[in-house]
Amino acid sequence: MKTADQFPSPPTDYNVVVPDGWFQLALEPDDRDRGIVALAELTFRGQDNAPHLKKQFMQDLQRKAKDAYQVGGTELYLSTMTVGPVPLASSLLISVPGPGEWPETSDAAALAEHLAGRRRDEEISVVELTAAGRAVRHRRREAPDPARQSGNTLPTTTLAYYVPIPATTRWLLLNFSTPIDQLADQMVALFDTVAGTLHWG
């Protein structure tokens, strides 16, 4: 496995290892609907008395997938993991922000300084990912938005990793989130582990 500093030219791909209980939802418009139906079937398996909830779930997924695609999303993972009857709700959106959306730099410290100037009272630091190189780690806690989050009334914890793509001034963004406020630290530890598997191909 090559490290970031071993790429004299931009990599052609990236890879990240996610838990077995995370479902990959296709974002391309032509493939999106099949994945939404498959995830809805998996989520509501054995619950034949919840057609309204299932329909609402699918509509929410459709909106999420469209929004993710419009911001340069390449992959969207949604957790289907549970502890007993309790779902461990979380997601990972991987995207490549368009040119001009971030400062024209490949320096993680410079981007961290830029982000810190715009966002106060949030955890922003520069970290070293084993294979992917230096990255900006940004953790924040957002007030609930029931309209945007399917009725969620709990704060959402978000963990973002901004990783410079080798030999470019573009960035790969890993955006994790969970509404499970009481387990936020444990979920963030899981997100950090997933981010640590990122490597270039």
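Biologist: In this predicted model, which strands each supply at least two residues of the lining of the second largest pocket?

Modeller: They are strand 7 (123-129) and strand 8 (133-142). The volume of this pocket is about 230 Å³. Among the 15 residues that line the second largest pocket, Ala4, Asp5, Ala132, Gly133 and Arg134 are the closest to its centre. By kind, the lining divides into seven nonpolar, four polar and four charged residues.

Biologist: Why is Ser79 called buried?

Modeller: Its relative accessible area is 16%, and buried means under 20%; therefore Ser79 counts as buried. Ser79 belongs to strand 3 (residues 73-79).

Biologist: What does the side chain of Ser79 reach at 2.9 Å?

Modeller: That side chain reaches the backbone oxygen of Leu88. Apart from neighbours within four places in sequence, Ser79 is in contact with Gly21, Trp22, Leu88 and Ser90.

Biologist: Why is the pair of Trp22 and Phe176 called tilted?

Modeller: Four aromatic pairs are found in the whole structure. For Trp22 and Phe176, the planes stand at 55° and the ring centres are 6.5 Å apart. Stacked requires planes under 30 degrees apart and edge-to-face over 60, so this pair is tilted. Trp22 lies in strand 2 (residues 22-25) and Phe176 in strand 10 (residues 171-178), 154 residues apart. Both Trp22 and Phe176 are buried.

Methods
Residues are numbered from 1 along each chain as its sequence is written. This is a predicted model: local features need pLDDT of at least 70, side-chain atom pairs count only at pLDDT 80 or more; totals for chains, interfaces and linings use all residues. Side-chain values use heavy atoms; hydrogens and water are left out. Helices (H or I, at least four residues) and strands (E, at least two) are DSSP runs, numbered from the N terminus. Buried means under 20% relative accessible area, exposed over 50%, partly exposed in between (1.4 Å probe, protein chains only). A polar contact is a pair of N or O atoms within 3.5 Å; within protein, one must be able to donate a hydrogen and the other to accept it, and residues adjacent in sequence count only if both atoms are side-chain atoms. Contact means heavy atoms within 4.5 Å. On a 1 Å grid over the protein atoms alone, a cavity is a set of points where a 1.4 Å probe fits but cannot get out, and a pocket is an open set with protein on both sides within 12 Å along at least five of seven lines; lining residues have an atom within 4 Å of a point. Grid points are joined across faces, edges and corners, and a volume is the space filled by probe spheres set on the points. Ala, Val, Leu, Ile, Met, Phe, Trp, Tyr, Cys and Pro count as nonpolar, Asp, Glu, Lys and Arg as charged, and the others, Gly among them, as polar. Rings of Phe, Tyr and Trp (its six-membered ring) pair if their centres lie within 6.5 Å; planes under 30 degrees apart count as stacked, over 60 as edge-to-face and the rest as tilted.
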